[in-house]
Amino acid sequence: MGQAVAVEARNAVKEFGAGPSAVRALNDVSVSILEGEFFTLLGPSGCGKTTLLRLIAGFEMPSSGTILLNGQDISYLPPNKRPVNTVFQSYALFPHLTVAENIGFGLQMQGRPKSEVTATVKRMLELVKLEPLANRKSSQLSGGQQQRVALARALAPSPKVLLLDEPLSALDLKLRKEMQIELKRLQLETGITFIFVTHDQEEALTMSDRIGVMSAGKLQQVGSPRDIYNKPVNRFVASFIGETNFLPASRKGSSLVLAGGHSVDAPAGGTDGQHVTITVRPEQVRLVDSAESGAIPAKVTSLVYFGTDTHCYMALADGTEIIARLQSPATGEAGLAQGQNVALRFAPGSVQVLGD
Amino acid sequence: MADRAFSTARLPGFSAIAIFVFVALYLPLLMLVFYSFNSGKAIGVWEGFSLDWYGTAWANDAVKAATLRSFGIALTASIISTIVAVMAALGTTRRRAFRGQTFIYMMINQPLMVPEIVTAVALLIFFAWIKVNTGYQGIGYIVVAHSAFCIPFAYLPIRARLEGMDRTLETAAADLYATPWQVFYRVTFPLLLPGIIAGMMLAFVTSLDDVVITLFVKSAGQETLPTYMLGQIRRSVSTEIYAISTVLLALTVAMLTAFFLLTRKKD
């Protein structure tokens with residue numbers, strides 16, 4: 001993977017409307033997306049991820065700040081002059097054109113010679129495995145096929161960057177899984193930078209090289225899927241991606257003291273006596289022998305069976321609720337019952353201190 | 001599937017009124033069509049099937065001249081009004097909402113609301129003034145008048161089509177390196193075409209059967225088919241007129257059917 005920056009947003013702000021009723025969809029976002037990277041913008045609807053994508057595509061212009069492509073300012077360049085193509089959520093295939101004409105549209109508009117257009121369209125049809133459908137009208141295709149045509153159409157002009165706006169959201173679960181693998185394959189084969197927008201955290205975790213988590217028009221955290229999942233910087237990131245436990249604690253020397261007085265190991269930093277929130281993933285919560293040092297006593301409040309694992313809901317002595325995800329044994333119950341007194345520990349290195 | 005909570009099928013009177021309205025609308029038309037094939041002259045007395053009146057009408061030079069004039073005017077007026085209507089529809093849908101937009105809509109649709117006789121009188125006075133100053137006596141006055149009042153008929157289906165169009169398609173075309181002009185003629189225009197044809201046909205039919213404005217605006221010797229028929233009817237009810245009316249009716253039905261098929265949403 002090259003380390004050169006493909007797309008960069010510098011202090012990008014986008015406001016819709018004017019005056020006091022203006023809505024700030026994007027609030028001072030700065031991010032660098034590297035060449036050849038599969039970068040995902042993840043966040044709930046209305047977080048500004050699509051707005052950022054539209055700024056990069058050129059469908060909107062920033063209210064302030066800049067968008068750079070390979071170091072060049074493209075903030076105010078119209079979309080047809082940007083070597084960037086988009087796969088739309090609704091696919092937006094041209095209904096009056098055939099599959100092949102749809103795929104060739106971008107190349108034709110660029111004024112490429114006919115022979116080149118034909119050859120590229122053929123190659124693209126092979127790439128997305130749609131050769132037999134070349135002369136169909138796009139309205140005669142299934143959702144999954146339309147999706148592939150939309151991909152091929154956007155890839156045909158060999159853009160510097162491919163933007164994907166929740167392209168899988170209209171597909172059913174099975175097809176979505178297939179397309180996730182397909183997308184990743186296409187990205188590796190073409191080597192094109194993909195910027196992928198989604199609200200589906202699982203999609204983001206499985207496909208991306210890096211993820212940018214967005215909320216309320218701001219970029220909350222940028223990092224690899226592992227970083228985002230294991231080292232969330234704040235409560236939003238921790239709760240948006242996967243399930244997690246939040247516990248109030250205060251710092252004391254190199255450890256953190258929970259509300260109930262038990263102390264846990266924690267990453268260094270912070271000042272003594274500072275009140276913080278810590279987070280631990282449910283699969284990092286272990287049930288241990290109550291005699292073990294550092295074991296925290298708790299009481300099982302309920303058990304929910306999920307097949308591969310069992311969620312064990314517990315309450316600490318001070319009332320703090322905590323969930324553990326335990327692997328279900330092959331036979332019988334997990335040896336637990338509601339109301340049972342247990343002891344738990346957090347796996348080493350699993351405790352994260354949140355910034356807010 | 002009708003909702004059981006409110007279904008007209010359960011209310012008395014609805015079907016009776018519906019039947020009455022259909023009879024009032026279509027019985028006169030059916031009679032007209034029926035007697036146009038009568039071999040005799042008197043209405044209400046069936047003397048046998050014949051196409052004589054169609055032959056008479058066809059052989060009548062005045063009818064021929066009026067028909068040609070009507071079609072010429074309708075074709076020219078519908079083309080002009082459709083071009084204007086396309087521009088107006090683009091101007092009112094393909095830009096940011098602006099102040100006074102509703103006022104503009106009203107201005108464009110004004111001919112639908114102002115009583116036709118008022119427009120007719122206004123045009124008569126205005127054109128008389130131009131005639132005096134230029135001496136021009138030609139068919140142009142009728143063409144201009146028809147083009148103007150046909151605009152809303154062409155505008156409405158075109159605008160409806162533009163508003164129903166997925167704007168993402170235009171965005172996608174721009175994303176795929178199409179210039180604004182290329183976006184229009186490669187994407188917007190082909191998708192708009194059914195609306196344009198529908199609007200043009202509606203304008204054509206509207207122009208073809210206009211009486212009031214034509215009557216006020218035309219000069220001597222500029223009879224269109226409807227004004228010719230009106231003149232004939234004033235003298236005596238000629239069965240020839242039935243035949244002409246039937247042909248006009250058939251033409252209108254054919255065009256409106258085509259209009260319906262074109263504006264129906266397929267995708």
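Reader: Is Tyr91(A) buried or exposed?
Author: Happy to start there, with a reminder that this is a predicted model, in which local features need pLDDT of at least 70, side-chain atom pairs count only at pLDDT 80 or more, and totals for chains, interfaces and linings use all residues. Residues are numbered from 1 along each chain as its sequence is written, chains are lettered from A and ligands numbered from 1 in the order in which they are written, and side-chain values use heavy atoms, with hydrogens and water left out. Buried means under 20% relative accessible area, exposed over 50%, and partly exposed in between (1.4 Å probe, protein chains only). Because its relative accessibility is 6%, Tyr91(A) counts as buried.

Reader: Where does Tyr91(A) sit, and what is its phi?
Author: Tyr91(A) belongs to the loop between strand E6 (84-87) and helix H2 (99-109) of chain A; helices (H or I, at least four residues) and strands (E, at least two) are DSSP runs, numbered from the N terminus. Most residues other than glycine have a negative phi. Tyr91(A), not a glycine, has a positive phi near 70°.

Reader: Which loop holds Glu166(A), and what is the phi of Glu166(A)?
Author: Glu166(A) is in the loop between strand E7 (161-165) and helix H5 (173-190) of chain A. Glu166(A) counts as buried, because its relative accessibility is 8%. Though not a glycine, Glu166(A) has a positive phi of about 40°.

Reader: Which residues does Thr51(A) touch, leaving out those up to four places away in sequence?
Author: Thr51(A) is part of helix H1 (residues 49-57) of chain A. Its relative accessible area is 11%, so Thr51(A) is buried. With contact meaning heavy atoms within 4.5 Å, and residues up to four places away in sequence not counted, Thr51(A) touches Lys14(A), Phe16(A), Ala25(A) and Leu26(A).

Reader: How is chain A divided, and what separates the centres of its domains?
Author: Domain bounds come from an automatic or database domain assignment. Chain A is split into domain 1 (5-236) and domain 2 (243-353). Taken over C-alpha atoms, the centres of these two domains of chain A are separated by 40 Å.

Reader: Which three residues supply 77% of the area that domain 1 of chain A buries against domain 2 of chain A?
Author: Buried area is the accessible area (1.4 Å probe) that two parts lose on being put together, summed over both. Between domain 1 and domain 2 of chain A, about 610 Å² is buried, with carbon and sulfur atoms giving 43%. On the side of domain 1 of chain A, 77% is supplied by Tyr229(A), Pro232(A) and Arg235(A).

Reader: How many salt bridges lie between chain B and chain A?
Author: The two chains bury about 1900 Å² between them, 66% of it on carbon and sulfur atoms, and 18 residues of chain B are in contact with 24 residues of chain A. A salt bridge is a side-chain nitrogen of Lys or Arg within 4 Å of a carboxyl oxygen of Asp or Glu. Across the interface of chain B and chain A, the number of salt bridges is zero.

Reader: Which helix of chain B gives the most to the side that touches chain A?
Author: Helix H8 (167-175) and helix H9 (180-208) of chain B each supply at least two residues of that side. The largest contribution, seven residues, comes from H8(B).
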